[in-house]
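Hi there,

I'm passing a structure on to you, and I hope you enjoy looking through it. My notes follow below it.

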Amino acid sequence: MALQSGRLAVYVAFNCVILALFSFTSTAWARGSPNVMSLLQPYDFLYYSGVRAYFSGEWGKAAELLEKSIATRESLFRVRRQCHDDCMAAGTEALKKLDSEQGTMWDLWALDWVHQKAECLRFCIGRSVTHVGQLPVSADIEYEFGTRNPYNFLQVTYYKLEKLQRAASAAHTYFVANPSHLEMRNNIEKYRRMDGVTDEDFQDRESHNEKHWVLYDAALQLEANSEWKQAAEKWKACVNETLRQTEECRVQCEVASQRLPEDRGVDSVDGVFEKAAALSLSLLSCQQSCVTQVATRPGRISAQEDFLPTQLEHLHIAQFKAGDISGALQMLRSLLLFYPSDKDSLDNLQLYHETLGGDTESQSAQPAQEIVRYISHSLQEKKLLYFGMENLDFTFTDPDLWTPEDVVPESLREIWRAEKDKMNEKMKVGEQQEEVDDSGFFAGGPVPQVGVTITMDDEMLNGTNRVVLDGVMTEKECDRILQLASVAGSLGDGYRGRRSPHTPHETFEGLTVLRAVKLAQEGLVNQSDAKLLHELGERVRTVLHSYFRSPSGLFITFTHLVCRTAVTDDQKGRLDLSHPVHVDNCLLEPETKQCWKEPPAFTHRDLSAILYLNDDFDGGELFFTNRDAKTVTARVKPSCGRLVGFSSGPVNPHGVTAVTRGRRCALALWFTKEKLYRDREREEAEAVWAADGHSVVKTDEETEGGATSSRNARSQVTKEKKRERGRVTGGKDEL
């Protein structure tokens, strides 16, 4: 339709004012509507009732009302969506006349179309939702459900009712959106150790609203493993799901009851036309904010900028590397709709054209139509919103960085440019700012072990709290542990038996201290070698505790003897890494240079170490990077007895280069300052030795909170670890 911008503004205003009128009037429902008791009740009332029951100690009633408030909210959203779809065709006869109608009749036909659609929505929603249930909820309620607070109440309620599986699920659901909530983290650890609770019970009940993030993370992992075809499929699914989630959010803005201008604090709005304009702009602003809502992970304050363009960039690169040049060209053209003058994208466009050669059909590939519609719709909304800013004192924050300058009115461009320059300057300063390590470690302390020398320090490694020490093991000790790994190493240990968890070009074997001790008990390995494996952990702990001048106790949280072996005849043209760049205690996002301390990261890790056993292989170097995961700042070549130690936080992203020949073995260790997360498997191993009459050297830290030497202690620890082992060995970030 060739609607002029003025007419479009009138249409939007009419649309919103009619929707507002049907939401706020108390018109009687049509005859034959369902019994009021069968209609959806207001979910905010159910929630507040559940909270009152909670504080009254009525646990059964609280659980019922809180669950009902969550279910009613979901049902309300589904009803709105269904009615929106059902009423799309309402008033189409009037709509068809808009293009041909001239003069004063145009606005009447527009009003007729909007009125019919609004009447359809009013009747449709009224069949399923009470009148009170259609009213907008308060900002407080939106915040409560946005932060998943109902699940906070539910986890305590189910605990009181001794329904531990449901309590664990509610606790996990809340924790996903509140990863810094220390009390909930401790509660989850307690649930893990309770009888009858398994790893499968820790389910995110809101995951159906976050499918695009699941796809996003899966696509990144496939990229890191150079599995380009599968990565392209995941990125395409992620783009589609992001568009779907955005559209769903926009529909909720359109169908949900809108607050009148005075409810939004717009005191100066007088008259029906001003209120209609304010309502229409509020609706458009709500729909624009869906970009931010969809691009914000649960538990995070800020959205990932350029979320959709970033996915398109990943998608076209994955398609190109997978050999789908025509698909890559289409996605690149789609990306150029956001940034038409981006130099890198234009260079890639030229490359794709050259690669296609004489394939004129593929070269003529056009941008994806869903992206064309997305941008066209968004730009129309932005024009109206900026018009409201310029002429109606409306406040609007543009969620997109790609908005073209010509959309912004001339009178606002100077302010707009200043804000954009300020944002760009802030980003540049952030990139240049020196990393600050808040781990509490301070490199440069004494090295207590005789014969151990400092080979590389912070300055030589171009970082903070990094060190390379030589002489920690003798050649004979290296040979003993290498032999132990050859005899007792288990394929895919720590990765649910996946023999190649990081790259298909290498196999992975691992061995824990506890397993070595049990094998020694059975006479399958030497008892002295198992004890040496245990003692090396304490040796490393003592050296690093002193060098990094830790003011608090340092506990071993996990020890893993790992070997990576290059797959013969499968190394030609290899471009991937033995282990992708990562951070040990947070989730690294190279695109945003953020590192998020939340599950599934091992957030309790404070200090990391790797003790090398050999050097008779090719590749396998440890390297450090900046947060972009691309700029390499230091490399370390393995050798027998060489120890690398570094703080586990975001100042030390690291990875391992591909092992292209031979077998690389090392002892990976992590340490924590929190006694709660000490390595229970080591304590169980010590209990096994104690029960068999073997002595074990203990440190002050271990004696204070470790297992006793009685058989009873052994049985208690064993029972506890059976419940924890799935969590401890479910997946590692091996160095």
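The largest nonpolar core in this predicted model is made up of 47 residues. Within this core, I481, L533, L544 and F671 have the most contacts. Several helices and strands build it: at least two residues each come from the helices α19 (475-488), α20 (513-521), α21 (527-547) and α22 (680-691), and likewise from the strands β2 (466-470), β5 (555-566), β9 (607-612) and β16 (663-672). Helix α21 is the top contributor to this core, supplying 8 residues. Another core lies apart from it, with 39 residues, including Y47, A63, A170 and V197.

K531 sits in helix α21, the helix that gives the most to the core of 47 residues. If you look for A520, its C-alpha atom is 9.4 Å from that of K531, and the two residues are 11 apart along the chain.

T633 belongs to strand β12, which covers residues 632-636. With a relative accessible area of 15%, T633 is buried, because the cut-off for that class is under 20%. Which residues is T633 in contact with, once its neighbours within four places in sequence are set aside? They are L461, N462, R466, F624, T625 and N626.

Happy exploring, and do write back with any questions.

Best wishes

Notes:
Residues are numbered from 1 along each chain as its sequence is written. This is a predicted model: local features need pLDDT of at least 70, side-chain atom pairs count only at pLDDT 80 or more; totals for chains, interfaces and linings use all residues. Side-chain values use heavy atoms; hydrogens and water are left out. Helices (H or I, at least four residues) and strands (E, at least two) are DSSP runs, numbered from the N terminus. Buried means under 20% relative accessible area, exposed over 50%, partly exposed in between (1.4 Å probe, protein chains only). Contact means heavy atoms within 4.5 Å. A nonpolar core is a set of buried Ala, Val, Leu, Ile, Met, Phe, Trp, Tyr and Cys residues joined through side-chain atoms within 4.5 Å.
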